[in-house]
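Here are my notes on the model, as numbered points. Please read them with the structure open.

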Amino acid sequence: MNASHHGNIHRAAARAALDVPGVLALQPALADRLALAASRVYEAVAAGATGRHEAAGVRCELTTVGAWHVEVRCILDKDHRVVDVARRVRENVRTAVTSYVAQQGRAAPVTVVVTVTRTV
């Protein structure tokens with residue numbers, strides 16, 4: 001799959017996670033924050049260059065065996081049971097990514113890991 005498909009999978013996973021009741025936001029990892037800061041500096045220097053900013057808090061990769069591995073880092077509402085919200089995020093993201101990949105004619109297994117970084 002090309003970079004466009006990778007970005008679409010990334011966005012589908014982010015949307016699916018944010019659609020779950022109890023998810024307040026996606027938490028970017030340090031690497032995501034540094035990459036975003038670097039791209040902003042590059043864009044300022046390049047004057048007019050457009051950068052691609054994927055939703056922070058989601059990382060996806062195609063493994064060597066052709067499966068998708070998706071990691072989601074999220075911030076949850078303290079009024080919801082963490083385990084229930086995390087399970088629903090995992091299922092929503094798995095369904096969204098599996099559906100997108102199937103639409104492209106490339107059936108592949110999808111694993112999803114959800115990390116709750118905090119509750120607010």
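1. Terms for exposure come first. Buried means under 20% relative accessible area, exposed means over 50%, and partly exposed lies in between (1.4 Å probe, protein chains only). Aspartate 84 is partly exposed, with a relative accessible area of 37%. This aspartate 84 sits in helix H3. Its C-alpha atom is 9.4 Å from that of glycine 22, and aspartate 84 and glycine 22 are 62 residues apart in sequence.

2. Basis of the values. This is a predicted model, where local features need pLDDT of at least 70 and side-chain atom pairs count only at pLDDT 80 or more, while totals for chains, interfaces and linings use all residues. Residues are numbered from 1 along each chain as its sequence is written, and side-chain values use heavy atoms, with hydrogens and water left out.

3. Overall layout. The protein has 3 helices and 4 strands. Helices (H or I, at least four residues) and strands (E, at least two) are DSSP runs, numbered from the N terminus. Along the sequence the pattern reads α-β-α-β-β-α-β. Of the 120 residues in the protein, 32% are buried. Contact here means heavy atoms within 4.5 Å. Among contacts with a separation of 6 or more, 74% join residues 24 or more positions apart.

4. How do the axes of H1 and H3 cross? Helix H1 covers residues 3–18 and helix H3 covers residues 82–103; their axes come within 8 Å and cross at roughly 150 degrees. Axes are lines fitted to C-alpha atoms, for helices over the stretch in contact, and angles run from 0 to 180 degrees between N-to-C directions. Angles under 35 degrees count as roughly parallel, over 145 as roughly antiparallel, 65 to 115 as roughly perpendicular and the rest as oblique. H1 and H3 are therefore roughly antiparallel.

5. Handedness. The H1 and H3 crossing is right-handed. A crossing is right-handed if the near helix is turned clockwise from the far one by less than a right angle, and left-handed if anticlockwise.

6. Which residues make the H1 and H3 contact? From H1 come His5, Asn8, Ile9, Ala12, Ala13, Ala16 and Ala17. They meet Val89, Asn92, Val93, Ala96, Val97, Tyr100 and Val101 in H3. By class, this contact has 11 nonpolar, 3 polar and no charged residues. Ala, Val, Leu, Ile, Met, Phe, Trp, Tyr, Cys and Pro count as nonpolar, Asp, Glu, Lys and Arg as charged, and the others, Gly among them, as polar.

7. The core. The largest nonpolar core has 24 residues, and Trp68, Val70, Val72, Val89, Val93 and Val97 touch the most other members. Two or more residues each come from H1, strand E1 (23–26), strand E2 (58–62), strand E3 (68–76), H3 and strand E4 (110–119). H3 gives the most, with 6 residues. A nonpolar core is a set of buried Ala, Val, Leu, Ile, Met, Phe, Trp, Tyr and Cys residues joined through side-chain atoms within 4.5 Å. In soluble globular proteins, nonpolar side chains tend to be buried together.

8. Valine 97 lies in helix H3. Its relative accessible area is 0%, so valine 97 is buried. Leaving out residues up to four places away in sequence, valine 97 touches Ile9, Ala13, Trp68, Val70 and Val110. With neighbours within four places set aside, valine 89 is in contact with Ala17, Val20, Val23, Val72 and Val114.

9. Is glutamate 71 buried or partly exposed? At 32% relative accessibility, glutamate 71 is partly exposed. Glutamate 71 belongs to strand E3. Not counting residues up to four places away in sequence, glutamate 71 touches Gly57, Val58, Arg59 and Val113.

10. One glycine to check. Glycine 7 is in helix H1. Glycine 7 is buried, with a relative accessible area of 1%.
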